[in-house]
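Hello,

Here is the structure I promised to pass on. Please open it first, then read my notes below.

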Amino acid sequence: MAAAEVGDDVYGDDPTVNALEARVAQLLGHEAGLFTPSGSLANQLAVRLLVGPGQELVCDEQAHVVRAELGAAATFSGITTRTWPSERGRVDVGRVAELIRPDAGPYLVSTAAIAVEDTHNFGGGTVQSLQAFRDLRALADQHDLRLHLDGARLWNAHAVTGVPLSVYGPLFDTVSVCFSKGLGAPVGSMLVSSAERIAAARVWRKRYGGGMRQVGILAAACDYALDHHLDDLAADHVRAKALGVALHEINPAVVDPEHVETNIVVVDLTPTSWSGADYTAAARDGGVLVQTLGATTVRLVTHRDLDDEATGTAAGVLADLLRT
Ligand SMILES: Cc1ncc(COP(=O)(O)O)c(C=O)c1O
(Lines give C-alpha, C1' and ligand atoms only; values in the text may rest on other atoms or scores of the structure.)
Protein backbone atom coordinates (compact mmCIF):
# COMPACT_ATOMS: atom_id res chain seq x y z
CA MET A 1 0.00 0.00 0.00
CA ALA A 2 2.77 2.40 0.93
CA ALA A 3 4.48 1.85 -2.41
CA ALA A 4 1.31 2.22 -4.51
CA GLU A 5 1.50 4.60 -7.42
CA VAL A 6 -1.39 7.02 -7.04
CA GLY A 7 -3.22 9.75 -8.94
CA ASP A 8 -6.58 11.48 -8.64
CA ASP A 9 -9.22 8.80 -9.08
CA VAL A 10 -12.04 11.32 -9.42
CA TYR A 11 -10.43 12.20 -12.75
CA GLY A 12 -9.79 8.52 -13.47
CA ASP A 13 -6.01 8.89 -13.36
CA ASP A 14 -5.01 6.75 -10.40
CA PRO A 15 -3.06 3.95 -12.13
CA THR A 16 -3.42 1.49 -9.24
CA VAL A 17 -7.18 1.91 -9.17
CA ASN A 18 -7.42 1.71 -12.95
CA ALA A 19 -5.42 -1.50 -12.99
CA LEU A 20 -7.61 -3.05 -10.28
CA GLU A 21 -10.79 -2.03 -12.11
CA ALA A 22 -9.51 -3.59 -15.33
CA ARG A 23 -8.35 -6.73 -13.52
CA VAL A 24 -11.63 -7.37 -11.73
CA ALA A 25 -13.79 -6.51 -14.75
CA GLN A 26 -11.83 -9.05 -16.76
CA LEU A 27 -12.00 -11.65 -13.99
CA LEU A 28 -15.78 -11.33 -13.99
CA GLY A 29 -16.16 -11.20 -17.76
CA HIS A 30 -17.38 -7.59 -17.92
CA GLU A 31 -16.20 -4.54 -19.84
CA ALA A 32 -15.46 -2.18 -16.96
CA GLY A 33 -15.25 -1.80 -13.21
CA LEU A 34 -15.69 0.96 -10.65
CA PHE A 35 -13.92 0.97 -7.31
CA THR A 36 -16.19 1.96 -4.42
CA PRO A 37 -15.63 2.53 -0.72
CA SER A 38 -18.28 -0.04 0.23
CA GLY A 39 -20.35 -2.93 -1.01
CA SER A 40 -23.49 -0.99 -0.17
CA LEU A 41 -22.48 1.79 -2.55
CA ALA A 42 -21.65 -0.70 -5.31
CA ASN A 43 -25.08 -2.32 -4.87
CA GLN A 44 -26.90 0.99 -4.77
CA LEU A 45 -25.16 2.28 -7.89
CA ALA A 46 -26.18 -0.93 -9.63
CA VAL A 47 -29.84 -0.81 -8.68
CA ARG A 48 -30.20 2.84 -9.58
CA LEU A 49 -28.78 2.12 -13.02
CA LEU A 50 -31.05 -0.86 -13.57
CA VAL A 51 -34.30 0.42 -12.07
CA GLY A 52 -36.02 3.74 -12.73
CA PRO A 53 -37.85 5.84 -10.15
CA GLY A 54 -41.26 4.35 -9.40
CA GLN A 55 -40.23 0.94 -10.73
CA GLU A 56 -39.43 -2.03 -8.55
CA LEU A 57 -36.49 -4.22 -7.71
CA VAL A 58 -37.37 -7.72 -6.55
CA CYS A 59 -35.16 -9.79 -4.28
CA ASP A 60 -35.46 -12.30 -1.45
CA GLU A 61 -36.68 -11.15 1.95
CA GLN A 62 -33.28 -11.65 3.58
CA ALA A 63 -31.25 -9.86 0.89
CA HIS A 64 -28.63 -7.40 2.11
CA VAL A 65 -29.76 -4.87 -0.49
CA VAL A 66 -33.24 -4.72 1.04
CA ARG A 67 -32.54 -5.43 4.72
CA ALA A 68 -29.24 -3.80 5.49
CA GLU A 69 -28.75 -0.82 3.23
CA LEU A 70 -31.02 1.48 5.20
CA GLY A 71 -33.68 1.91 2.52
CA ALA A 72 -31.13 3.48 0.17
CA ALA A 73 -32.93 2.34 -3.00
CA ALA A 74 -36.05 4.21 -1.88
CA THR A 75 -34.24 7.14 -0.30
CA PHE A 76 -31.86 7.97 -3.13
CA SER A 77 -33.38 6.39 -6.23
CA GLY A 78 -37.17 6.38 -5.73
CA ILE A 79 -37.18 2.60 -6.17
CA THR A 80 -39.69 0.27 -4.52
CA THR A 81 -38.79 -3.27 -3.57
CA ARG A 82 -40.79 -6.47 -3.26
CA THR A 83 -39.45 -9.70 -1.86
CA TRP A 84 -39.97 -13.42 -2.20
CA PRO A 85 -39.85 -15.74 0.85
CA SER A 86 -36.38 -16.98 1.53
CA GLU A 87 -35.13 -20.30 2.79
CA ARG A 88 -31.55 -19.62 3.82
CA GLY A 89 -31.36 -17.21 0.90
CA ARG A 90 -31.40 -19.97 -1.70
CA VAL A 91 -32.51 -18.70 -5.11
CA ASP A 92 -35.81 -20.27 -6.12
CA VAL A 93 -36.54 -19.27 -9.70
CA GLY A 94 -40.16 -20.43 -9.46
CA ARG A 95 -40.79 -17.92 -6.68
CA VAL A 96 -39.12 -15.16 -8.66
CA ALA A 97 -41.30 -16.00 -11.66
CA GLU A 98 -44.43 -15.73 -9.50
CA LEU A 99 -43.39 -12.37 -8.11
CA ILE A 100 -42.27 -10.39 -11.14
CA ARG A 101 -44.68 -8.00 -12.87
CA PRO A 102 -42.92 -6.65 -15.95
CA ASP A 103 -44.85 -3.99 -17.88
CA ALA A 104 -47.56 -3.90 -15.22
CA GLY A 105 -49.37 -1.01 -16.89
CA PRO A 106 -50.96 2.01 -15.24
CA TYR A 107 -52.07 0.34 -12.01
CA LEU A 108 -49.37 -1.93 -10.56
CA VAL A 109 -45.68 -1.17 -10.14
CA SER A 110 -43.60 -2.60 -12.98
CA THR A 111 -40.64 -4.82 -12.13
CA ALA A 112 -37.40 -3.64 -13.72
CA ALA A 113 -34.74 -5.81 -12.12
CA ILE A 114 -34.02 -8.84 -9.95
CA ALA A 115 -31.21 -8.93 -7.38
CA VAL A 116 -29.69 -12.09 -5.90
CA GLU A 117 -26.85 -12.72 -3.46
CA ASP A 118 -23.99 -15.26 -3.58
CA THR A 119 -22.99 -16.35 -1.05
CA HIS A 120 -26.02 -15.31 0.93
CA ASN A 121 -25.10 -13.45 4.07
CA PHE A 122 -28.19 -13.58 6.31
CA GLY A 123 -29.08 -16.95 4.80
CA GLY A 124 -25.92 -18.29 6.46
CA GLY A 125 -23.30 -18.20 3.72
CA THR A 126 -25.51 -20.16 1.30
CA VAL A 127 -23.94 -21.00 -2.07
CA GLN A 128 -26.25 -20.57 -5.07
CA SER A 129 -26.35 -23.09 -7.90
CA LEU A 130 -25.08 -22.10 -11.32
CA GLN A 131 -28.14 -23.73 -12.86
CA ALA A 132 -30.44 -21.47 -10.80
CA PHE A 133 -28.51 -18.46 -12.10
CA ARG A 134 -28.82 -19.71 -15.67
CA ASP A 135 -32.55 -20.24 -15.23
CA LEU A 136 -32.84 -16.78 -13.71
CA ARG A 137 -31.05 -15.26 -16.71
CA ALA A 138 -33.45 -17.03 -19.05
CA LEU A 139 -36.43 -15.74 -17.04
CA ALA A 140 -35.03 -12.20 -17.03
CA ASP A 141 -34.40 -12.30 -20.78
CA GLN A 142 -37.88 -13.63 -21.42
CA HIS A 143 -39.36 -10.60 -19.63
CA ASP A 144 -36.71 -8.03 -20.58
CA LEU A 145 -35.62 -7.59 -16.95
CA ARG A 146 -32.14 -6.72 -15.67
CA LEU A 147 -30.20 -8.88 -13.18
CA HIS A 148 -27.90 -7.76 -10.38
CA LEU A 149 -25.63 -10.08 -8.42
CA ASP A 150 -24.62 -8.94 -4.95
CA GLY A 151 -21.39 -10.91 -4.97
CA ALA A 152 -19.89 -9.43 -1.81
CA ARG A 153 -18.76 -13.00 -1.08
CA LEU A 154 -18.77 -14.41 -4.60
CA TRP A 155 -15.14 -15.39 -3.93
CA ASN A 156 -16.39 -17.81 -1.27
CA ALA A 157 -18.95 -19.31 -3.65
CA HIS A 158 -16.23 -19.73 -6.26
CA ALA A 159 -14.01 -21.44 -3.67
CA VAL A 160 -16.75 -24.02 -3.05
CA THR A 161 -18.10 -24.61 -6.56
CA GLY A 162 -14.94 -24.08 -8.59
CA VAL A 163 -17.13 -22.27 -11.15
CA PRO A 164 -14.88 -19.66 -12.79
CA LEU A 165 -15.72 -16.06 -11.89
CA SER A 166 -15.83 -15.39 -15.63
CA VAL A 167 -18.75 -17.83 -15.89
CA TYR A 168 -20.75 -16.21 -13.09
CA GLY A 169 -20.20 -12.62 -14.19
CA PRO A 170 -21.73 -12.50 -17.68
CA LEU A 171 -24.98 -14.03 -16.42
CA PHE A 172 -25.67 -10.68 -14.76
CA ASP A 173 -26.00 -7.09 -15.98
CA THR A 174 -24.16 -5.80 -12.93
CA VAL A 175 -22.06 -7.55 -10.28
CA SER A 176 -20.74 -6.12 -7.02
CA VAL A 177 -17.84 -7.73 -5.14
CA CYS A 178 -16.10 -6.85 -1.86
CA PHE A 179 -12.43 -7.11 -0.97
CA SER A 180 -13.07 -6.10 2.62
CA LYS A 181 -14.73 -9.31 3.83
CA GLY A 182 -13.10 -12.74 3.69
CA LEU A 183 -10.36 -11.44 1.40
CA GLY A 184 -9.12 -9.27 4.26
CA ALA A 185 -8.53 -5.86 2.63
CA PRO A 186 -9.28 -2.99 5.01
CA VAL A 187 -11.64 -1.20 2.59
CA GLY A 188 -12.92 -1.61 -0.94
CA SER A 189 -15.57 -2.98 -3.24
CA MET A 190 -16.14 -2.97 -6.98
CA LEU A 191 -19.06 -2.76 -9.39
CA VAL A 192 -18.59 -4.33 -12.82
CA SER A 193 -20.82 -3.96 -15.86
CA SER A 194 -20.79 -2.58 -19.41
CA ALA A 195 -18.51 0.38 -20.13
CA GLU A 196 -21.59 2.54 -20.65
CA ARG A 197 -23.16 1.69 -17.30
CA ILE A 198 -19.87 2.06 -15.45
CA ALA A 199 -19.40 5.53 -16.96
CA ALA A 200 -22.83 6.48 -15.59
CA ALA A 201 -22.03 4.85 -12.24
CA ARG A 202 -18.86 6.96 -12.01
CA VAL A 203 -20.95 10.11 -12.16
CA TRP A 204 -23.38 8.84 -9.53
CA ARG A 205 -20.52 7.69 -7.28
CA LYS A 206 -19.20 11.25 -7.22
CA ARG A 207 -22.69 12.63 -6.66
CA TYR A 208 -23.09 10.34 -3.64
CA GLY A 209 -19.77 11.56 -2.25
CA GLY A 210 -17.98 8.30 -3.03
CA GLY A 211 -15.37 9.74 -5.38
CA MET A 212 -11.99 9.39 -3.68
CA ARG A 213 -8.70 10.99 -4.63
CA GLN A 214 -5.35 9.20 -4.19
CA VAL A 215 -7.11 5.98 -3.39
CA GLY A 216 -4.57 3.70 -5.05
CA ILE A 217 -3.29 2.97 -1.54
CA LEU A 218 -6.56 1.11 -0.89
CA ALA A 219 -6.73 -0.47 -4.33
CA ALA A 220 -3.22 -1.84 -3.72
CA ALA A 221 -4.51 -3.68 -0.65
CA CYS A 222 -7.36 -5.17 -2.70
CA ASP A 223 -4.92 -6.21 -5.40
CA TYR A 224 -2.74 -7.88 -2.78
CA ALA A 225 -5.78 -9.68 -1.36
CA LEU A 226 -6.64 -11.05 -4.81
CA ASP A 227 -3.07 -12.23 -5.31
CA HIS A 228 -2.59 -13.83 -1.92
CA HIS A 229 -5.82 -14.50 -0.06
CA LEU A 230 -8.26 -16.15 -2.48
CA ASP A 231 -6.82 -19.59 -1.89
CA ASP A 232 -7.18 -19.26 1.88
CA LEU A 233 -10.97 -18.97 1.84
CA ALA A 234 -11.42 -22.74 1.86
CA ALA A 235 -9.72 -22.87 5.29
CA ASP A 236 -12.29 -20.40 6.65
CA HIS A 237 -15.01 -22.75 5.43
CA VAL A 238 -13.48 -25.73 7.22
CA ARG A 239 -13.26 -23.71 10.45
CA ALA A 240 -16.86 -22.52 10.18
CA LYS A 241 -17.96 -26.11 9.74
CA ALA A 242 -15.99 -27.05 12.86
CA LEU A 243 -17.81 -24.35 14.82
CA GLY A 244 -21.14 -25.62 13.52
CA VAL A 245 -20.30 -29.20 14.46
CA ALA A 246 -19.16 -28.15 17.96
CA LEU A 247 -22.42 -26.34 18.68
CA HIS A 248 -24.52 -29.10 17.09
CA GLU A 249 -22.92 -31.60 19.45
CA ILE A 250 -24.17 -29.61 22.44
CA ASN A 251 -27.64 -28.96 21.03
CA PRO A 252 -28.52 -30.46 17.62
CA ALA A 253 -31.41 -28.03 17.19
CA VAL A 254 -29.32 -24.83 17.17
CA VAL A 255 -27.40 -25.51 13.98
CA ASP A 256 -27.35 -28.13 11.24
CA PRO A 257 -23.72 -28.51 10.15
CA GLU A 258 -25.00 -29.39 6.67
CA HIS A 259 -26.19 -25.79 6.44
CA VAL A 260 -22.69 -24.45 7.00
CA GLU A 261 -21.59 -24.11 3.40
CA THR A 262 -18.94 -21.39 3.64
CA ASN A 263 -17.58 -19.09 6.37
CA ILE A 264 -20.86 -18.15 8.07
CA VAL A 265 -22.75 -20.04 10.77
CA VAL A 266 -26.25 -18.88 11.72
CA VAL A 267 -27.13 -20.19 15.18
CA ASP A 268 -30.81 -20.48 16.06
CA LEU A 269 -31.14 -20.05 19.82
CA THR A 270 -34.91 -20.62 19.87
CA PRO A 271 -34.57 -24.05 21.53
CA THR A 272 -32.46 -22.51 24.32
CA SER A 273 -33.21 -19.88 26.94
CA TRP A 274 -30.81 -17.42 25.27
CA SER A 275 -31.85 -14.31 23.39
CA GLY A 276 -29.57 -13.33 20.52
CA ALA A 277 -28.47 -10.15 22.29
CA ASP A 278 -27.70 -11.91 25.60
CA TYR A 279 -25.74 -14.67 23.87
CA THR A 280 -23.74 -12.08 21.94
CA ALA A 281 -22.95 -10.19 25.15
CA ALA A 282 -21.97 -13.36 27.01
CA ALA A 283 -19.76 -14.46 24.10
CA ARG A 284 -18.06 -11.06 24.12
CA ASP A 285 -17.41 -11.45 27.85
CA GLY A 286 -15.78 -14.76 26.97
CA GLY A 287 -13.59 -13.06 24.36
CA VAL A 288 -15.54 -14.13 21.25
CA LEU A 289 -17.17 -11.58 18.95
CA VAL A 290 -20.37 -12.75 17.26
CA GLN A 291 -23.20 -10.75 15.72
CA THR A 292 -26.82 -10.65 16.84
CA LEU A 293 -28.94 -11.28 13.75
CA GLY A 294 -32.42 -11.41 15.27
CA ALA A 295 -34.28 -11.93 18.54
CA THR A 296 -33.02 -15.51 18.78
CA THR A 297 -30.37 -15.77 16.09
CA VAL A 298 -26.69 -14.94 15.99
CA ARG A 299 -24.14 -15.06 13.18
CA LEU A 300 -20.63 -16.46 13.51
CA VAL A 301 -18.11 -15.62 10.80
CA THR A 302 -14.70 -17.20 10.38
CA HIS A 303 -11.96 -15.17 8.72
CA ARG A 304 -8.28 -15.15 7.95
CA ASP A 305 -7.30 -13.73 11.35
CA LEU A 306 -8.69 -16.84 13.05
CA ASP A 307 -6.47 -19.92 13.05
CA ASP A 308 -7.32 -23.48 14.14
CA GLU A 309 -6.37 -22.82 17.73
CA ALA A 310 -8.49 -19.68 17.98
CA THR A 311 -11.37 -21.53 16.30
CA GLY A 312 -11.11 -24.22 18.97
CA THR A 313 -11.10 -21.63 21.73
CA ALA A 314 -14.12 -19.87 20.23
CA ALA A 315 -15.96 -23.18 19.82
CA GLY A 316 -15.29 -23.97 23.48
CA VAL A 317 -16.62 -20.62 24.72
CA LEU A 318 -19.70 -20.72 22.47
CA ALA A 319 -20.48 -24.34 23.30
CA ASP A 320 -20.11 -23.76 27.07
CA LEU A 321 -22.67 -20.97 26.86
CA LEU A 322 -25.14 -23.36 25.27
CA ARG A 323 -24.74 -25.69 28.28
CA THR A 324 -25.93 -22.97 30.67
C1 LIG B 1 -24.07 -9.70 0.93
C2 LIG B 1 -23.59 -8.32 1.28
N3 LIG B 1 -23.71 -7.36 0.38
C4 LIG B 1 -23.29 -6.11 0.62
C5 LIG B 1 -22.71 -5.79 1.83
C6 LIG B 1 -22.31 -4.37 2.06
O7 LIG B 1 -20.95 -4.21 2.19
P8 LIG B 1 -20.39 -2.91 2.96
O9 LIG B 1 -20.45 -3.26 4.41
O10 LIG B 1 -19.01 -2.79 2.43
O11 LIG B 1 -21.26 -1.76 2.61
C12 LIG B 1 -22.57 -6.76 2.81
C13 LIG B 1 -21.98 -6.44 4.12
O14 LIG B 1 -21.91 -7.25 5.00
C15 LIG B 1 -23.03 -8.07 2.53
O16 LIG B 1 -22.94 -9.07 3.44
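In what order do the strands of the open sheet of 7 strands lie? The order is β1-β7-β6-β5-β4-β2-β3, and the pairing is mixed. Before the rest, some ground rules. This is a predicted model, where local features need pLDDT of at least 70 and side-chain atom pairs count only at pLDDT 80 or more, while totals for chains, interfaces and linings use all residues. Residues are numbered from 1 along each chain as its sequence is written, and side-chain values use heavy atoms, with hydrogens and water left out.

Two strands pair if DSSP finds at least two bridges between them. Strands (E, at least two residues) and helices (H or I, at least four residues) are DSSP runs, numbered from the N terminus. The edge strands here are β1 (32-36) and β3 (80-84), each of which pairs on one side only. From one strand to the next, the twist averages 20 degrees. For angles, axes are lines fitted to C-alpha atoms, for helices over the stretch in contact, and values run from 0 to 180 degrees between N-to-C directions.

Look next at β2 (residues 56-60) and β4 (residues 111-117). They run parallel and are joined by 3 bridges. Valine 58 stands opposite isoleucine 114 in β4.

Two helices go with this sheet. Contact here means heavy atoms within 4.5 Å. Helix α2 packs on the sheet and touches β1, β2, β4, β5 (146-151), β6 (174-178) and β7 (189-193). The direction of α2 makes about 180 degrees with that of β5. Helix α6 (residues 130-142) lies across β4 and β5. It runs at about 150 degrees to β5.

**The ligand**

Which residues surround the ligand? They are Ser38, Gly39, Ser40, Asn43, His64, Glu69, Glu117, Asn121, Asp150, Ala152, Arg153 and Lys181. A residue counts as near if one of its heavy atoms lies within 4 Å. Helix α2 (residues 39-50) gives the most to this shell, with 3 residues. The shell divides into 1 nonpolar, 6 polar and 5 charged residues. In that scheme Ala, Val, Leu, Ile, Met, Phe, Trp, Tyr, Cys and Pro are nonpolar, Asp, Glu, Lys and Arg are charged, and the others, Gly among them, are polar.

Some atom pairs to check:
- Serine 40: a polar side-chain atom lies 2.7 Å from an oxygen atom of the ligand.
- Glycine 39: a polar backbone atom is 2.8 Å from an oxygen atom of the ligand.
- Asparagine 121: a polar side-chain atom lies 3.0 Å from an oxygen atom of the ligand.

On its own the ligand has 390 Å² of accessible area (Shrake-Rupley method, 1.4 Å probe). The protein covers 81% of that.

**The 3-stranded sheet**

A second open sheet has the order β8-β10-β9, with antiparallel pairing. Its edge strands are β8 (264-268) and β9 (291-294). The twist averages 30 degrees from one strand to the next. Between β8 and β10 (residues 297-301) there are 5 bridges. Isoleucine 264 stands opposite valine 301 in β10. Helix α11 (residues 233-250) packs on this sheet, touching β8 and β10. Its direction makes about 20 degrees with that of β8.

β9 and β10 are joined by 3 bridges. They form a hairpin with 2 residues between them. Threonine 292 has valine 298 as its bridge partner in β10.

**Two backbone points**

Most residues other than glycine have a negative phi, and most peptide bonds are trans. Aspartate 118 and threonine 119 are joined by a cis peptide bond, with omega about -5 degrees. Threonine 119 sits in the loop between β4 and α6. Arginine 88 is not a glycine, yet has a positive phi of about 50 degrees. Arginine 88 lies in the loop between β3 and α5 (93-99).

Best wishes

Notes
A polar contact is a pair of N or O atoms within 3.5 Å; within protein, one must be able to donate a hydrogen and the other to accept it, and residues adjacent in sequence count only if both atoms are side-chain atoms.
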